[in-house]
Amino acid sequence: MKLLEERIRKEGKALNETVLKVDSFINHQVDAEFMDALGRDFAEHFKDYGITKVFTIESSGIAPALMTAKHLDVPMVILKKQTSKILQGDVYQTNITSFTKGTSYELTLYKNYISPEDRILLIDDFLANGEAATGAGRLIGQAGATLAGIGILIEKSFQRGRKRLEDAGFYVYSQARIGRLAEGVIEFLPEDAPATE
Ligand code: 5GP
């Protein structure tokens with residue numbers, strides 16, 4: 001998606017070979033109009049997938065997920081990152097290792113907000129090793145619902161996330177795909193390029 005690539009070129013900062021900072025419009029300050037445009041693009045892309053709910057993982061996925069849900073006219077659900085297991089039986093939980101922080105958390109979903117008929121679109125800001133998205137897929141599976149598609153703002157195609165998700169049978173659409181990062185260097189891949197990792 002050209003709009004997102006241009007914005008990353010202008011404001012993104014490659015810290016090293018693996019980490020891209022986009023604090024000025026996604027991760028710290030949020031550009032609402034821009035998020036609305038991204039949400040409209042996801043909604044257009046997934047309009048024929050029979051989506052009943054948009055899921056995201058707190059916190060940076062919330063803004064684009066909300067806009068996507070608005071344009072698809074369905075509810076948005078935030079998967080919570082809890083530090084410990086909740087012992088009552090009213091939640092689904094699964095353990096995730098965070099790429100950026102090197103820590104782990106319990107991804108948590110209250111059973112009230114999902115049912116087996118649901119067809120879920122998962123929206124997240126970054127795809128790296130696919131830990132978060134794979135975990136969300138496990139939770140959705142526990143509920144007997146379907147993960148019908150995954151929408152990512154920025155895919156780092158040199159990491160193994162896309163391949164892992166595709167191998168697990170999930171469909172991934174990324175609005176921007178990065179083929180290489182180095183200090184001060186950001187190189188993009190076309191939308192239809194094969195997974196590199
Ligand atoms: P994964 O679960 O795919 O391994 O990592 C994805 C999660 O890690 C995203 O939800 C995002 O929060 C974070 N993340 C991964 N790589 C980057 C990055 O280069 N920059 C930023 N800002 N976050 C990242």
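Two residues are in contact when heavy atoms of theirs lie within 4.5 Å. Keep that in mind as we walk through this structure, which is a predicted model.

## Starting in strand 8

Leaving out residues up to four places away in sequence, Ile152 touches Phe42, Asp124, Asp125, Phe126, Leu127, Val172, Tyr173, Ser174 and Gln175. This isoleucine belongs to strand 8. Is Ile152 buried or exposed? Its relative accessible area is 1%, and buried means under 20%, so Ile152 counts as buried. Another distance to look for runs from Ile152 to Ala65: these two are 87 residues apart along the chain, and their C-alpha atoms are separated by 10.0 Å.

Glu155 also lies in strand 8, which covers residues 146–156. Glu155 has a charged side chain to look for in the viewer, and at 1% relative accessibility this residue counts as buried. Which side chain does the side chain of Glu155 meet in a polar contact? The partner is Arg177, at 3.0 Å. Beyond its neighbours within four places in sequence, Glu155 is in contact with several residues, among them Leu127, Arg162, Val172 and Ser174.

## Aromatic rings

Next, look for the rings. How many aromatic pairs does the structure hold? There are six. One of them joins Phe42 and Tyr173 in an edge-to-face arrangement, with 5.9 Å from centre to centre and 85° between the planes. This pair links distant parts of the chain, since Phe42 sits in helix 3 (residues 32–45) and Tyr173 in strand 9 (residues 172–182), 131 residues apart. Both Phe42 and Tyr173 are buried.

Phe46 and Tyr49 make another edge-to-face pair, with centres 5.1 Å apart and planes at 70°. The two partners can be compared by their accessibility. Phe46 is buried, because its relative accessible area is 1%. Tyr49 has 25% relative accessibility and therefore counts as partly exposed. Ring pairs tie Phe42, Phe46, Tyr49, Tyr171 and Tyr173 into a cluster.

The charged end of Arg7 sits over the ring of Phe34, 4.9 Å from the ring centre. Likewise, Lys81 lies over the face of Tyr105, at 5.2 Å from the ring centre.

## Around the ligand

How many residues surround the ligand? The number is 16, and the closest are Leu20, Ala128, Gly130, Ala132 and Lys156.

| Residue | Protein atom | Ligand atom | Distance |
|---|---|---|---|
| Ala128 | backbone N or O | oxygen | 2.8 Å |
| Asn129 | backbone N or O | oxygen | 2.9 Å |
| Gly130 | polar backbone atom | oxygen | 2.7 Å |

Taken alone, the ligand exposes 510 Å², and the protein buries 87% of that. Strand 7 supplies the largest share, four residues.

## Glu11 in helix 1

A polar contact of 2.7 Å joins the side chains of Arg7 and Glu11. Glu11 is part of helix 1, residues 2–11. With a relative accessible area of 23%, Glu11 is partly exposed. Not counting residues up to four places away in sequence, Glu11 touches Lys21, Ser24 and Phe25. From Glu11 to Phe25 the chain runs 14 residues, and their C-alpha atoms are separated by 8.2 Å.

## Two backbone details

Most residues other than glycine have a negative phi, and most peptide bonds are trans. Ser59 is found in the loop between strand 3 (53–57) and helix 4 (62–72).

Asp73 has a positive phi of about 60°, although this residue is not a glycine. Asp73 is placed in the loop between helix 4 and strand 4 (76–82). Its relative accessible area is 68%, so Asp73 counts as exposed.

Note on methods:
Residues numbered from 1 in each chain as written. Predicted model: local features only at pLDDT ≥ 70, side-chain atom pairs only at ≥ 80, totals over all residues. Heavy atoms only, no water. Phe/Tyr/Trp six-rings, centres within 6.5 Å; stacked < 30°, edge-to-face > 60°. Helix = DSSP H or I, 4+ residues; strand = E, 2+ residues; numbered from the N terminus. Buried < 20%, exposed > 50% of the residue type's maximum accessible area, 1.4 Å probe, protein only. Lys NZ or Arg CZ within 6 Å of the ring centre and 35° of its normal. Polar contact = N/O pair within 3.5 Å; in protein donor to acceptor, adjacent residues only side chain to side chain. Near = heavy atom within 4 Å. Areas by Shrake-Rupley, 256 points an atom, 1.4 Å probe, with all protein chains shown as cover.
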